Amino acid sequence: FSGLGIHPLPHPQAKTNGKFVGSEKCESCHEPSYKIWKKTGHARAYATLADLDPPRNYDPECISCHVVGWHPTKYFPYESGYLSLRETPKMINVGCEDCHGPGEAHCEAEMGKDKALQAKLRKAVAISAKEAADPTSSKHNCYTCHDGDNSPDFDFKTYWPQVEHYEK
């Protein structure tokens, strides 16, 4: 994308959350949530672009909502996010970190013994149904991608049960 003048910028949560790690990294600790995700259209979002005629998987306006690590409304990548299918294949599709933010620090903390840090980072990556449904939420919410132009039939109450997952 550098030929288009598009360069990765730091993610707003990078200081707290670290880098993007990809959804597969989440599976070992969050298997029930990962299984729910795998059954959703989010887990196949990249293919919906690649399989179009003509393909749209090189269009920044499209991939910004179909990969991990892009700003969904300003169409630029974040550092450690998706660059290309060849360079960052683990960042295709709408993954865990699209809603929960970068997961590196959370993953590292969970491997340690610092309970206070674990609690802080669990809170940093958590998003409630209320936040997901609120277009004005400061957390990434469904409406950042499911807007009137790209998803005119989107209804939160209909779609939320398909992606809903909670863990204690």
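Tyrosine 159 sits in helix H10, where helices are DSSP runs of H or I with at least four residues, numbered from the N terminus. The model is predicted: local features need pLDDT of at least 70, side-chain atom pairs count only at pLDDT 80 or more, and totals for chains, interfaces and linings use all residues. Residue numbers start from 1 along each chain as its sequence is written, and side-chain values use heavy atoms, with hydrogens and water left out.

Tyrosine 159 is partly exposed, at a relative accessible area of 37%; buried stands for under 20%, exposed for over 50%, and partly exposed for the range in between, with a 1.4 Å probe and protein chains only. Leaving aside residues up to four places away in sequence, tyrosine 159 touches Asp153 and Phe154, contact being heavy atoms within 4.5 Å. From tyrosine 159 to aspartate 51 the separation is 108 residues in sequence and 23 Å in space, C-alpha to C-alpha.

The buried residues of H10 are Phe156, Trp160 and Val163. They cover an arc of only 70 degrees around the axis, so they lie on the same side of H10; the arc is taken over the directions from the helix axis to the C-beta atoms. These buried residues pack against H3 and H9.

Helix H3 spans residues 31-38, and Ser33, Tyr34 and Trp37 are buried in it. Viewed down the axis of H3, its buried residues fall within an arc of 100 degrees and therefore line one face of the helix. They pack against helix H2 (24-27). Serine 33, with a relative accessible area of 11%, is buried. Its contacts, not counting residues up to four places away in sequence, are His165 and Glu167.

The next topic is the cysteines. A disulfide is a covalent bond between the sulfur atoms of two cysteines; here the criterion is a pair of cysteine sulfur atoms within 2.5 Å. The structure holds one disulfide, which joins cysteine 65 to cysteine 145 with an S to S distance of 2.4 Å. The pair links distant parts of the chain, 80 residues apart: cysteine 65 is in the loop between helix H5 (60-63) and helix H6 (96-100), and cysteine 145 is in the loop between helix H9 (129-133) and helix H10 (156-163). The torsion about the S-S bond is about -95 degrees, so the disulfide is left-handed. Cysteine 65 and cysteine 145 are both buried.

What is the closest cysteine sulfur to that of cysteine 62? It belongs to cysteine 65, at 9.0 Å, which is too far for a bond. Cysteine 62 is buried, with a relative accessible area of 16%. Cysteine 96 is in no disulfide, and the nearest cysteine sulfur, that of cysteine 26, is 3.9 Å away.

The second largest pocket has a volume of about 380 Å³. A pocket is found on a 1 Å grid over the protein atoms alone, as an open set of points where a 1.4 Å probe fits, with protein on both sides within 12 Å along at least five of seven lines; lining residues have an atom within 4 Å of a point. Grid points are joined across faces, edges and corners, and the volume is the space filled by probe spheres set on them. The lining has 24 residues, with His11, Gln13, Asp98, Lys139 and His140 nearest the centre. H6 and helix H8 (115-125) are the elements that give two or more residues to this lining, and H6 provides the largest share, four residues.
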